[in-house]
Amino acid sequence: MHICFIGEIATAKVKTGGIGSFVANTIPELIHQGCTISVISYKKQVQAIETEVANGYTIYWINTHQWGPLRFYKKMVDTNKILRTIHQQQPIQIIETSEAG
């Protein structure tokens, strides 16, 4: 089963609480159960989209500081683009996000 989380995730470089910590703590058990995990998250960075492999899952980072007032629209377009790419590579069965996602 392929599960994709959209939203914050706690990593060694990016500290977060709440849902980000929950996702980071849940992923190892899901991987242990045989699931494939992808995470789409957001942070300040140079490139529009960066990819990082961490502990058996892939994080797709979207730049949060592009396009000024059109930032929300750009994040939505980039998130949808990444979802389509991930789904083409390996079909996603579950997409999980917070209420704001």
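1. Helices, here runs of H or I of at least four residues, and strands, runs of E of at least two, are taken from DSSP and numbered from the N terminus. On that basis M76 is found in helix α2, which covers residues 71-89. The model discussed in this note is a predicted one.

2. Overall architecture. The protein contains two helices and five strands. Followed along the sequence, these elements give the pattern β-α-β-β-β-α-β. Of its 101 residues, 38% count as buried.

3. The β3-β4 hairpin. Strand β3 comprises residues 49-54 and strand β4 comprises residues 57-63; the two pair in the antiparallel sense, over six bridges. Within this pairing, E52 stands opposite I59 in β4. The two strands form a hairpin, with two residues between them.

4. N55 is placed in the loop between β3 and β4. Most residues other than glycine have a negative phi. N55 is not a glycine, yet its phi is positive, at about 55°. As for solvent exposure, N55 has a relative accessible area of 71% and is therefore classed as exposed, the cut-off for that class being over 50%.

5. The C-alpha atoms of I27 and Y57 are 8.2 Å apart in space, while the two residues are 30 residues apart in sequence.

6. Is H32 buried or exposed? H32 counts as exposed because its relative accessibility is 61%. I27, by contrast, has a relative accessible area of 1% and so counts as buried, since the buried class requires a value under 20%.

7. How many salt bridges does the count give? The count comes to one salt bridge. K74 forms a salt bridge with D78, and the closest N and O atoms are 3.2 Å apart. Both K74 and D78 lie in helix α2, four residues apart, which is about one turn of the helix.

8. Burial of the two partners. K74 has a relative accessible area of 18% and is therefore classed as buried. D78 is buried as well, with a relative accessible area of 3%. Both assignments follow because buried means under 20% relative accessible area.

9. The nonpolar surface patch. Which residues make the nonpolar surface patch? The patch is made by L70, F72, Y73, M76 and V77, and its area is about 540 Å². M76, one of these residues, is partly exposed, with a relative accessible area of 44%. That value qualifies M76 for a patch because patch residues must have over 30% relative accessible area.

Note on methods:
Residues numbered from 1 in each chain as written. Predicted model: local features only at pLDDT ≥ 70, side-chain atom pairs only at ≥ 80, totals over all residues. Heavy atoms only, no water. Pairing = 2+ DSSP bridges. Patch = residues over 30% accessible without salt bridge, like charges linked within 9 Å, V, L, I, M, F, W, Y side chains within 5 Å. Areas by Shrake-Rupley, 256 points an atom, 1.4 Å probe, with all protein chains shown as cover. Salt bridge = Lys/Arg side-chain N within 4 Å of Asp/Glu carboxyl O. Buried < 20%, exposed > 50% of the residue type's maximum accessible area, 1.4 Å probe, protein only.
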